[in-house]
Amino acid sequence: MGIIELFLIAVGLSMDAFAVSVCKGLAMKKCTWTKAGIVGLYFGIFQAGMPLLGYALGVQFSHVITSIDHWIAFVLLGIIGLNMIKESREDGEECGMEEDSLKVKEMLVLAVATSIDALAVGITFAFLQVDIIPAVAFIGVTTFLLSVGGVKIGNVFGAKYKSKAELAGGLILILMGIKILLEHLGIF
């Protein structure tokens with residue numbers, strides 16, 4: 001997997017965290033770089049940790065399913081992408097909670113909720129034999145930066161970009177799944 005594909009996957013995975021970060025910024029009366037950085041750290045760390053966990057799980061089973069790994073990547077990325085597209089069409093329920101709060105319990109719940117899809121991507125990485133440490137570091141840093149930006153954007157512009165970000169992220173993941181499948185089948 002090349003740097004461009006990894007970048008696209010990192011951006012796609014980051015879109016849920018970006019959308020929630022926009023909501024966080026929207027509700028902040030005073031948005032500081034420190035607050036934005038705290039949100040970014042929560043999301044970046046979990047977005048990096050989940051694929052690492054998924055990779056560890058996937059490595060355990062990769063020898064059993066290497067003949068169908070491209071189909072698994074295609075299906076997992078497709079399901080995640082379709083779910084993100086579906087969420088982009090729903091009303092912004094996530095913006096209904098106490099968004100100004102940066103309490104550990106609330107932030108942990110949000111960080112886990114926005115990074116579950118990264119667990120499945122980590123499993124996919126195991127099948128594709130991706131060099132996991134640079135990949136998860138790249139995903140974590142990308143998520144951190146987009147989350148910090150999301151808090152600031154939300155604080156300045158409101159929730160205008162939330163659904164567009166989820167839609168874009170979903171489309172990116174679906175396209176990456178199709179690319180992986182077509183490459184393995186020798187079509188692309």
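**A guided look at a helical protein model**

Guide: The accessible surface of the protein comes to about 9,200 Å², and 71% of that belongs to carbon and sulfur atoms; areas like this come from the Shrake-Rupley method with a 1.4 Å probe, and for residues only the protein chains shown count as cover. This is a predicted model, where local features need pLDDT of at least 70, side-chain atom pairs count only at pLDDT 80 or more, and totals for chains, interfaces and linings use all residues. Residues are numbered from 1 along each chain as its sequence is written, and side-chain values use heavy atoms, leaving out hydrogens and water.

Visitor: How many helices and strands are there in the protein?

Guide: There are 6 helices and 0 strands, and the pattern along the sequence reads α-α-α-α-α-α. Both kinds of element are DSSP runs numbered from the N terminus: helices (H or I) have at least four residues, strands (E) at least two.

Visitor: What makes the protein as compact as a globular protein of that length?

Guide: Its radius of gyration is 16 Å, close to the 16 Å that the globule rule gives for 188 residues, so the protein is as compact as a globular protein of that length. The radius is taken over C-alpha atoms, and the rule is 2.2 Å times the number of residues to the power 0.38.

Visitor: Why is Met 84 called buried?

Guide: Buried means under 20% relative accessible area, exposed over 50%, and partly exposed in between (1.4 Å probe, protein chains only). Met 84 has a relative accessible area of 1%, so Met 84 is buried. You will find Met 84 in helix H3. Of the 188 residues of the protein, 48% count as buried.

Visitor: Which residues is Met 84 in contact with, leaving aside neighbours within four places in sequence?

Guide: Contact means heavy atoms within 4.5 Å. The partners of Met 84 include Gly 12, Met 15, Asp 117 and Leu 173. Met 84 and Asp 117 are 33 residues apart along the chain, yet their C-alpha atoms are separated by 9.6 Å.

Visitor: What makes a set of residues a nonpolar core?

Guide: The members are buried Ala, Val, Leu, Ile, Met, Phe, Trp, Tyr and Cys residues joined through side-chain atoms within 4.5 Å. In the largest one, of 30 residues, Leu 13, Val 121 and Phe 125 touch the most other members. Its largest share, 8 residues, comes from H1. Val 121 touches Ile 9, Leu 13, Leu 77 and Ile 80, not counting residues up to four places away in sequence.
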